[in-house]
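User: I would like to learn how to read a protein model feature by feature. Could you take me through one slowly, giving the general idea before each case?

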Amino acid sequence: MRTRTLTLAASAGAALLATAVLPSNASGATTPKSAQEGSVSAAALLAKVTSCSQISNGKYKTDDETSATVPVCGKNGAVFWKADMDVDCDGQVTSKCNGDTDPWFQDDTAFHQSDGKPLRADSLPYVVVPSAGSIWKYSSSGIKGGGVVAVIYDNRVEYAVVGDTGPTKIIGEASYATAKALGIDPDPETGGADSGVTYILFKNSQVSPIESHSAAVSLGQSLAQQFIDSN
């Protein structure tokens, strides 16, 4: 199995101002049960990302030892890429995510909960985006912390948020909770998926509070349907 890349967590403000936001009363971090989430099928979403209009200035590696093969692609209302999934356990220390279970563990994430604490990787589905660099700057594409992501694997959809940043030349990483919900081995050292994962990030979206998975699902369903209708 490939070695998980080191996530570069950066500090960010705890307060996330909304662009496309659900009200905060749709809050409460809940452990995801099982994908399929929502009413929009994986097949319907995948049918809209069969071709790539590349917006990145070059391509990303999926791991340190691989060649650069993954472009970031643009569509109406979203960007997407198809890659592997390395498992990120960074953030709050828990029984599943800590320095003993994860050799690369860091106790912070780039984006924080509404109470200022790091995100919790074993209960919150989140996706890691590459830190801004010469290949691509995520913020220039309308992607921000707390943005909604539809993660698709094995004909299942899991809604997540943009929760952390990683290396500038590597792509394809999501939290322990994301992997588990999609039926992927969530072990941060030996788990993950070597290929077959599609990440669709909806532009100018933001879940408030970021730790509310139920809010991510509700907003994600709406944005996924808009994405299908506009592409």
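Analyst: Let us begin with a term that we shall need throughout: a contact means heavy atoms within 4.5 Å. With that in hand, take I200, which touches L45, V49, A78, V79, F80, V148, V149, A150, I152 and F227, where residues up to four places away in sequence are not counted. This is a predicted model, in which local features need pLDDT of at least 70 and side-chain atom pairs count only at pLDDT 80 or more, while totals for chains, interfaces and linings use all residues. Residues are numbered from 1 along each chain as its sequence is written, and side-chain values use heavy atoms, with hydrogens and water left out.

User: What is the mean pLDDT of the protein, and what share of its residues reach 70 or more?

Analyst: The term pLDDT is the predictor's confidence in each residue, from 0 to 100. Here the mean is 88, and 85% of the residues reach 70 or more. Over residues 1–34, however, the pLDDT is below 50, although this stretch has 118 contacts in the model beyond near neighbours in sequence.

User: Which secondary structure elements does the protein have, and in which pattern do they follow along the sequence?

Analyst: Helices (H or I, at least four residues) and strands (E, at least two) are DSSP runs, numbered from the N terminus. This protein has three helices and seven strands, and along the sequence they follow the pattern α-β-β-β-β-β-β-α-β-α. Among contacts between residues at least 6 apart in sequence, 79% join residues at least 24 apart.

User: How should I read a nonpolar core, and which residues have the most contacts inside the largest one?

Analyst: In soluble globular proteins, nonpolar side chains tend to be buried together. Buried means under 20% relative accessible area, exposed means over 50%, and partly exposed lies in between (1.4 Å probe, protein chains only). A nonpolar core is then a set of buried Ala, Val, Leu, Ile, Met, Phe, Trp, Tyr and Cys residues joined through side-chain atoms within 4.5 Å. In this protein, buried residues make up 54% of the 231 residues. The largest nonpolar core has 63 residues, and those with the most contacts inside it are L45, W81, M85, Y199 and I200. Elements giving two or more residues to this core include α1 (42–46), β2 (78–88) and β7 (193–202), while α3 gives the most, with eight residues.

User: Which way do the residues of a strand point, taking β3 as the case?

Analyst: In a regular strand the side chains alternate between the two faces of the sheet. In β3, Y126, V128 and P130 point one way and V127 and V129 the other way, and all are buried.

User: Which strands pair with β3, and in what sense?

Analyst: Two strands pair if DSSP finds at least two bridges between them. By that rule β3 and β5 pair in the parallel sense over five bridges, with V127 standing opposite V162 in β5. β3 also pairs with strand β6 (residues 173–175), this time in the antiparallel sense over two bridges, and the bridge partner of V128 in β6 is E173.

User: How many disulfides does the structure hold, and where do C52 and C73 lie?

Analyst: A disulfide is a covalent bond between the sulfur atoms of two cysteines; here a pair of cysteine sulfur atoms within 2.5 Å is counted as one. The structure holds two disulfides. One joins C52 to C73, S to S 2.0 Å. C52 lies in the loop between α1 and β1 (73–75) and C73 in strand β1, so the pair ties together parts that are 21 residues apart in sequence. The torsion about their S-S bond is about -100°, so this disulfide is left-handed. C52, at 39% relative accessibility, counts as partly exposed, whereas C73, at 3%, counts as buried. Another disulfide joins C89 to C97, S to S 1.9 Å, and both of these cysteines are buried. Its torsion is about -65°, so that disulfide is left-handed.

User: Which backbone details in the loops deserve a look?

Analyst: A cis peptide bond joins S208 and P209, with omega about -5°, and P209 lies in the loop between β7 and α3. N204 is found in the loop between β7 and α3, and N204 has a positive phi of about 55° although it is not a glycine. D154, in the loop between β4 and β5, has a positive phi near 55° and is a residue other than glycine; at 53% relative accessibility, D154 counts as exposed.
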